[in-house]
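Please look at the sequence and the structure together while reading.

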Amino acid sequence: MNSNNQARKILLLSANPKGTSQLRLGEEMREIKDGLKRAKKRDDYSIDTAEAVRYRDIHRAILEYEPHIIHFSGHGSGEEGLLFEDETGQVKLVDTEALAGLFQLFANRIECVVLNACYSKYQTEEIARHIDYVVGMNQAIGDKAAVEFAVGFYDALGAGQDYEFAYKLGCSVIRVAGIPQNLIPQLITKKSLLSQISPQELSTNSGMETINIYIKRPPIEEKCHKAILQPGALIRIKAPQKMGKTLLLEKLLDYARQQGYQTAKLDLKLADSSAIADLKTFLQWLCINVSDSLELEAKLDEYWQDTMGLNTSCTRYFQKYLLSVIDSPIVLAIDNFERLFKCENIFSEFCLLLRSWYETAKQGDRMGKIWKKLRLVVVNSTETYPTLDTNRSPFNVGLAIELPEFNQQQIEEMVKEHELDRHLGEQGLNQLMGLLGGHPYLLQETLSNLKNQEITLEEILTLAPTEQGIFSHHLREQLKCLQDDPQLAEAYKRVVTANEPVQLNPEITFKMHSLGLVNIVRNDCVPSCDLYRKYFSVHLR
């Protein structure tokens, strides 16, 4: 690891913004420094620190110190990102995609990144696309465990060991200290991610296109392909979170591009809050981003006229500019549409706009001919549902695709794609299916951990319904959804504690099915997997 006699530079970053719980960051940094001072290979390493890090300080520190190893201590916010400070010391969230993009710029120098922050596994997975070794936490980790891991990790490096051994020792030291959190740190390597995908999925720029394995669910793909070829098509893809909606969308867009279509994908989850402040701002944001996706200059000044009304101005922009300049069909895909459900100042009017575009494409006149070029794909999670006049809604027209769980054949295919069929065997596969059912995300998490981490199937099965298990963050998210609706929580408690299917009123049944918490057997409800039964029967007491 240090064959060129160049000292390895370690950059310790820390952030504990105002309003967040106080962490023992000083102790962690001190232990790392003291350990390396005593190490046999202490001359092989140098340490620089940057505390109370603001978001702008990250790239500045990397440029100044040129580190080989970056260690961040602070707070994580799950999929949303890591918490840094702004100019006033308040919380500044830096999202996962932005962090991964930043580290990609320095990938030729940085060898290892350690994110000693709760729920940082999401950032770990994205950063590992570009950096060889990345450590993150798959759930909340206590201060003491975080310090113990850091001690073990850097003691190993100071003794001349490699990153994988250092990671294992860090986990071991947590356990030796008597703290039951040794399975929380996770090491993901760029090599292990690359091994999960086929050569044709590799990107020539970043080394990979996706770390997720796509499993077909016939006849869904064929239906989507046929629909997208229809003039003026509208496809609605819906399912609970983490069921594979975005993966299906990407495959559909790939198919459309193969037909010679232009595509523009907008992910509303990534839109700044300022972009959805009001209807005008949102519609102009839409026009500008679609123009960018189509590699066209944005021309709002030329085509937008407030006096004509906001929806009419947006329609005019598409009709007189985007749909006129481009000869081929255009697929406009809007992912995470549910973010607009609670934006009362936007949602109703924007839905009316989409519905009007769809209806105009049915006309046989010149206007209809223009709008037939636009194909719409709307993707949303079903945890929340809007209320709209059926005549104003795009959610009751077009092709509706609701993603089901995987069946046994698809689960077996997923296991083979991970090259774990021999490792699991028939018994292990049955145990997984018994615990997780066919839930794509839960299966993906399990198989990824089995393939990449020092964790056994027995440990996963034993710890799965506990706060120490690899699904704890997902389970807590589902628990919060139930706790926000006491009537729903009480009904689900009945379902998970019963020994037979439970009949509930149709509205409650619909809501729980939309959350992915139950399967419907005729008119009755059963837990969608044994994991949910075990976890919620304890936490809904």
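The text below goes from the sheet to the helices beside it, then to the nonpolar cores and a loop proline. The model is predicted.

**The sheet and its helix**

Three strands form an open sheet in the order 14-16-15, with antiparallel pairing. Strand 14 and strand 15 are the edge strands, each pairing on one side only. Strand 14 and strand 16 run antiparallel and are joined by two bridges. Within this pairing, glutamine 503 has aspartate 524 of strand 16 as its bridge partner. Helix 20 packs on the sheet and touches strand 14, strand 15 and strand 16. The direction of helix 20 makes about 70° with that of strand 16.

| Element | Residues |
|---|---|
| Strand 14 | 502-503 |
| Strand 15 | 518-521 |
| Strand 16 | 524-527 |
| Helix 20 | 486-497 |

**Helix 21**

At the start of helix 21, a side-chain oxygen of asparagine 505 comes to within 3.0 Å of the backbone nitrogen of glutamate 507. Ile508, Thr509, Met512 and Ser514 of this helix are buried. The buried residues of helix 21 pack against helix 20, strand 15 and strand 16. Glycine 516 follows helix 21 and has a positive phi, near 80°.

In soluble globular proteins, nonpolar side chains tend to be buried together. Here the largest nonpolar core has 51 residues, and those with the most contacts inside it are Tyr492, Met512, Leu531, Tyr532 and Phe536. Elements that give two or more residues to this core include helix 15 (408-417), helix 21 (506-514) and helix 22 (530-539). Helix 20 provides the largest share, six residues.

Which residues does tyrosine 532 contact, leaving aside its neighbours within four places in sequence? They are His439, Leu442, His474, Leu475, Gln478, Tyr492, Val496, Gly516, Leu517 and Ser537. A second, separate core has 49 residues, among them Leu266, Ile276, Ile346 and Leu376.

**Proline 17**

Proline 17 lies in the loop between strand 1 (8-14) and helix 1 (25-38). Is proline 17 buried or exposed? Its relative accessibility is 0%, and buried means under 20%, so proline 17 counts as buried. Apart from neighbours within four places in sequence, proline 17 is in contact with Leu83, Phe84, Glu85, Gly89, Gln90 and Val91. From proline 17 to glycine 425 the C-alpha to C-alpha distance is 48 Å, and the two are 408 residues apart in sequence.

Terms used:
Residues are numbered from 1 along each chain as its sequence is written. Side-chain values use heavy atoms; hydrogens and water are left out. Two strands pair if DSSP finds at least two bridges between them. Helices (H or I, at least four residues) and strands (E, at least two) are DSSP runs, numbered from the N terminus. Contact means heavy atoms within 4.5 Å. Axes are lines fitted to C-alpha atoms, for helices over the stretch in contact, and angles run from 0 to 180 degrees between N-to-C directions. Buried means under 20% relative accessible area, exposed over 50%, partly exposed in between (1.4 Å probe, protein chains only). A nonpolar core is a set of buried Ala, Val, Leu, Ile, Met, Phe, Trp, Tyr and Cys residues joined through side-chain atoms within 4.5 Å. A polar contact is a pair of N or O atoms within 3.5 Å; within protein, one must be able to donate a hydrogen and the other to accept it, and residues adjacent in sequence count only if both atoms are side-chain atoms.
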